[in-house]
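Below are my notes on this model, point by point. Please read them with the structure open.

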Protein chains: 2
Amino acid sequence: DIVQSVLAASAGSYLAGLKLVVSAGPTREPLDPVRFISNRSSGKMGYALARAAVAAGADVTLVSGPVHLPVPAGAEVIKVETALQMHAAVLNACRSADVYIGAAAVADYRAKQVAEHKLKKGETGAGMIQLEKNPDIVAEVAALHPKPWVVGFAAETDDLENYALGKLRSKNLDMIAANWVGRAEGGFDSERNALQVFWRDGRKTLEMADKTSLAVQLLQLIAERMHEKNPIKNP
Amino acid sequence: DIVQSVLAASAGSYLAGLKLVVSAGPTREPLDPVRFISNRSSGKMGYALARAAVAAGADVTLVSGPVHLPVPAGAEVIKVETALQMHAAVLNACRSADVYIGAAAVADYRAKQVAEHKLKKGETGAGMIQLEKNPDIVAEVAALHPKPWVVGFAAETDDLENYALGKLRSKNLDMIAANWVGRAEGGFDSERNALQVFWRDGRKTLEMADKTSLAVQLLQLIAERMHEKNPIKNP
């Protein structure tokens with residue numbers, strides 16, 4: 001199929017010997033036993049990255065929120081639901097990782113109080129949801145000592161470049177891959193996407209393509225940049 | 001497969017000539033272009049009802065929230081996302097319906113304001129979500145003149161019978177099918193479920209079973225009760 005042929009065309013174990021952690025999908029932040037806040041992430045980009053990284057020879061751990069996608073063969077998959085669960089799983093996996101790619105759409109906020117029973121119409125507090133901030137997973141990974149090579153994602157509805165560059169700097173990332181959401185093509189629900197990739201002293205546009213070939217291009221770019229930054233580790 | 005064999009075993013066109021509307025799945029209430037409030041409904045019960053109703057000879061319209069299920073052959077499917085969209089589609093379809101089964105998990109509340117751009121951490125209002133009530137679809141269908149025969153669903157975490165009987169009466173339903181959620185077996189994420197079915201002057205327990213056979217049992221019960229209540233229409 002197309003996935004296999006694209007992955008075969010990118011033959012070469014350019015990630016051999018590296019432990020790579022990818023997070024993918026949305027998180028779900030419960031309001032009560034049945035209701036939750038989530039987002040439109042399908043997990044397709046993160047799963048495509050995990051598959052392509054396995055094909056490139058990496059030892060891959062995929063930390064995944066709730067999605068409807070087949071488990072990538074050859075990857076260790078850790079399924080989580082909330083941002084706090086994803087935080088714990090990613091930080092644990094990243095202690096021994098060479099590369100972390102944060103492709104999950106982690107909820108910025110969770111409900112301050114989670115009801116133990118299903119809230120009824122008219123119940124006190126039912127007209128408002130108080131929120132509190134979730135941890136910033138990619139920033140915490142980038143603050144580890146030693147830290148893996150950290151790639152963030154930014155999905156934006158406007159001012160893409162400024163937000164992406166702001167995140168790259170403020171979170172001390174090695175690279176950020178930014179894409180538009182809420183447009184005609186690309187983004188969360190789509191099989192295709194386009195990425196604007198930024199790092200400290202450079203940038204590259206990966207044109208609209210299916211997420212499988214986009215994943216291969218991004219991983220090759222990561223391998224190039226790591227090689228340049230850290231020539232001893234990846235000669 | 002098992003679905004076909006269960007449906008074949010229930011052979012008989014006991015719903016022939018009837019127009020049946022089923023709503024299924026969750027609704028998604030947007031917070032901004034990427035975030036939403038939703039619930040754990042898989043749509044499996046409503047889709048099983050639509051399939052079984054087609055097999056029983058009904059003319060079936062399925063109004064479905066976002067789910068990951070194949071479209072039932074022979075049913076007209078109307079896909080919606082929000083409670084307001086489901087409200088419009090169901091009310092329109094029910095104007096000429098004989099039976100309405102409200103198996104969707106419609107959000108009781110939507111966000112009062114939907115942001116046009118993705119909300120940023122720390123943005124004004126990001127710490128709180130103001131809610132407003134959605135219309136009560138099943139109650140509005142039950143208030144139509146003429147009205148179809150109306151079956152509601154109740155998913156409860158406690159005090160199942162009282163909540164179900166309260167909804168039956170206050171919403172003027174002909175029948176309500178109640179099930180536990182948040183328990184070891186059954187409910188939203190499961191292939192199986194058990195139902196406590198109540199009507200004005202009776203009740204019946206449908207024991208834990210796969211949702212396909214449960215759908216057949218519920219439709220047969222609906223046909224029996226309609227027959228008793230309205231002997232001219234269903235002799």
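1. Putting chain A and chain B together buries about 3,500 Å², and 52% of this comes from carbon and sulfur atoms. Buried area here is the accessible area (1.4 Å probe) that two parts lose on being put together, summed over both. This is a predicted model, in which local features need pLDDT of at least 70, side-chain atom pairs count only at pLDDT 80 or more, and totals for chains, interfaces and linings use all residues. Residues are numbered from 1 along each chain as its sequence is written, chains are lettered from A in the order in which they are written, and side-chain values use heavy atoms, without hydrogens and water.

2. Chain A and chain B each bring 36 residues to the contact (heavy atoms within 4.5 Å).

3. Four salt bridges are counted between chain A and chain B (a side-chain nitrogen of Lys or Arg within 4 Å of a carboxyl oxygen of Asp or Glu). B:Arg40 and A:Glu81 form a salt bridge, at 2.6 Å from N to O.

4. Strand 3 of chain A and strand 3 (residues 35-39) of chain B run antiparallel and are joined by five bridges. A:Ile37 lies opposite B:Ile37. Strands are DSSP runs (E, at least two residues), numbered from the N terminus; two strands pair if DSSP finds at least two bridges between them.

5. Within chain A, eight strands make an open sheet of mixed pairing, ordered 5-4-1-6-9-10-11-12. Its edge strands are strand 5 (76-79) and strand 12 (202-210) of chain A.

6. Strand 1 (residues 19-24) and strand 6 (residues 99-102) of chain A pair in parallel over four bridges. There, A:Val22 has A:Ile101 of strand 6 as its bridge partner.
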